[in-house]
Amino acid sequence: MIGRILVMLAGLVAAAIAAAPVAYMLWPVGTTLAPDAPSIPVTIGGVAFNVPPAAIRFKMQRKSGTQPRIDMTFVWPSMTPPDPAIKPQPTDTPDVTDRLFVTIAASDSTLAPMDRLKTIYPRYLDAAPIVSTDGLSTQVFRDGTAYQGEDLVLDPSRPEQFLLRCTRTSGLTPAMCLHERRIGGADITVRFPRDWLSDWRAVSEAIDRLIAGFKPQV
């Protein structure tokens with residue numbers, strides 16, 4: 001009898017060990033994770049992503065499973081999550097010059113970015129686009145429109161990969177650029193300082209790598 005019990009216990013232990021890698025990847029839904037935990041699976045807008053918890057800005061979002069949105073930040077140019085050991089103080093002045101912000105949210109009823117480029121933005125643009133020597137196209141939105149104070153910036157050869165709306169510097173507020181992509185039922189929004197456009201090809205490639213690293217599965 002004792003021998004039979006020992007055999008059963010040994011079987012249970014073996015099964016638990018075999019299941020450990022799977023359990024490690026499939027984090028318990030709703031469990032809040034430490035910032036230094038490995039990438040976790042989340043589903044947003046019906047799309048599966050793998051994201052690094054250390055990049056997630058809000059503790060309540062740092063969990064696996066289905067979520068309406070998550071907000072992340074990455075350090076430029078390494079495109080890695082911020083060091084969790086560095087704790088900003090309440091008196092610190094926020095510095096966004098080396099930060100890229102990413103939001104993944106369930107899509108709403110708005111048009112996809114490329115559809116807006118074709119049907120919405122042309123109504124509000126002021127003049128013909130100006131293409132710089134480095135190949136980047138810039139077009140000004142008219143004052144008095146919903147996009148007043150912004151410019152439409154894009155790579156004419158691949159606007160689906162690098163289409164931006166960029167603000168202009170106003171007082172102490174730094175100019176920022178916003179890039180959006182729709183993947184299935186999820187919208188990915190990327191924000192970064194406009195100053196980075198001086199090396200826009202490197203920024204574009206970094207964004208592509210970052211989104212590919214999330215391994216979105218529609």
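Modeller: Happy to, and here is the link itself, followed by its setting in the chain.

This is a predicted model, where local features need pLDDT of at least 70, side-chain atom pairs count only at pLDDT 80 or more, and totals for chains, interfaces and linings use all residues. Residues are numbered from 1 along each chain as its sequence is written, and side-chain values use heavy atoms, with hydrogens and water left out.

A disulfide is a covalent bond between the sulfur atoms of two cysteines. Taking a pair of cysteine sulfur atoms within 2.5 Å as the criterion, the count is 1 disulfide. The partners are Cys 166 and Cys 177, with 2.1 Å from S to S. The link between Cys 166 and Cys 177 is right-handed, at 110° about the S-S bond. Cys 166 belongs to strand β9 (residues 163-167) and Cys 177 to strand β10 (residues 176-183), so the pair ties together parts 11 residues apart in sequence. Strands here are DSSP runs of E with at least two residues, and helices are runs of H or I with at least four, numbered from the N terminus.

Are the two cysteines buried or exposed? Cys 166 counts as buried at 0% relative accessibility, and Cys 177 is buried too, with a relative accessible area of 1%. Buried means under 20% relative accessible area, exposed over 50%, and partly exposed in between, using a 1.4 Å probe and protein chains only.
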